[in-house]
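The following questions and answers go through one structure, shown below.

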Amino acid sequence: MICVVASLCACSAQKAQKISMYDLKNAMAAATDKFSDMTYASSEDSDAENIFSNISDMSYSKVKAFCVYYATNGTGNADEIAVIQVKSKGDLSQARKALEAHLEKRKSLYSTYDKSQLKKLEGARIAVSSDCAALIVGDEADKISDAFQAYFKN
C-alpha cells in the first residue's frame with residue numbers, strides 16, 4: 001500500500017522540466033525565414049518580472065521560465081513568439097489563457113493603428129506541449145507551431 005501511495009505522489013508532482021528558452025525560440029524561429037529584425041527577452045534578463053508583465057497578468061511566482069521574441073520595430077509588424085513554462089502543469093491552462101488575453105490586446109491595439117497586421121494576428125496559434133504554452137504570431141504560424149511541438153518530441 002505504501003508503495004502505491006508513494007508512486008502516486010511521484011506522478012502527481014509534475015515538476016517543470018529543464019529546457020532552454022533560447023534554444024526553443026531558435027528552433028521555432030528556424031521554421032520560417034519570414035521574420036524581420038527581432039528582439040529577444042526572457043526570464044534570464046535582470047528585469048524579467050517587468051518584461052513578463054507585458055505579455056501576461058499571470059502571477060510570476062507560477063512561472064518557471066519564459067521568453068518573448070518580437071519585432072524590434074513593432075509598427076507594421078506584429079510578429080511575435082511568447083512562451084511560458086509553468087512550475088506546475090496545473091497552471092498550464094492559466095498560462096494559455098494569459099497568452100490568449102495578450103493576443104486579444106494586440107488585436108485591439110493593431111486595429112487602431114495598423115489594420116494590415118490583423119490578418120496575421122487572426123492567424124495566430126496558441127500551442128501547448130509539456131509544461132509550456134506558446135503564442136505564435138507570424139506569416140507561417142503553423143510551421144512555427146509544428147516546430148514548437150517537435151522541440152518537445154526530441
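Q: Which exposed residues does the face of H6 turned away from its buried side carry?
A: This is a predicted model. A residue counts as exposed when its relative accessible area is over 50%. On the face of H6 turned away from the buried side, the exposed residues are Asp 146 and Lys 153.

Q: Within what arc do the buried residues of H6 fall, seen down its axis?
A: The buried residues of H6 are Ala 141, Ile 144, Ser 145, Ala 147, Phe 148 and Phe 152. They line one face of the helix, because in a view down the axis of H6 they fall within an arc of 155 degrees.

Q: Which are the edge strands of the five-stranded sheet?
A: The sheet is open, with antiparallel pairing and the order S1-S2-S3-S5-S4. An edge strand here pairs on one side only, and this holds for strand S1 (38-42) and strand S4 (125-129).

Q: What is the bridge partner of Gln 85 in S5?
A: Strand S3 (residues 80-86) pairs with strand S5 (residues 132-137) in the antiparallel sense, over six bridges. For Gln 85, the partner in S5 is Cys 132.

Q: What angle does the direction of helix H4 make with that of S5?
A: Helix H4 (residues 92-113) packs on the sheet and touches S3, S4 and S5. Its direction and that of S5 make an angle of about 20 degrees.

Q: Which element gives the most to the largest nonpolar core?
A: This core has 25 residues, and Phe 52, Phe 66, Ile 84, Leu 99, Leu 135 and Val 137 touch the most other members. Two or more residues come from each of helix H3 (48-53), strand S2 (63-71), S3, H4 and S5. With six residues, the element that gives the most is H4.

Q: How many residues does the other core have?
A: Another core lies apart from the largest one. Among its members are Ala 71, Ile 81, Val 83 and Ala 141, and its size is 21 residues.

Note on methods:
Residues numbered from 1 in each chain as written. Predicted model: local features only at pLDDT ≥ 70, side-chain atom pairs only at ≥ 80, totals over all residues. Heavy atoms only, no water. Pairing = 2+ DSSP bridges. Helix = DSSP H or I, 4+ residues; strand = E, 2+ residues; numbered from the N terminus. Contact = heavy atoms within 4.5 Å. Axes fitted to C-alpha atoms, helices over the stretch in contact; angles between N-to-C directions. Buried < 20%, exposed > 50% of the residue type's maximum accessible area, 1.4 Å probe, protein only. Arc of directions from axis to C-beta. Core = buried A, V, L, I, M, F, W, Y, C linked by side-chain atoms within 4.5 Å.
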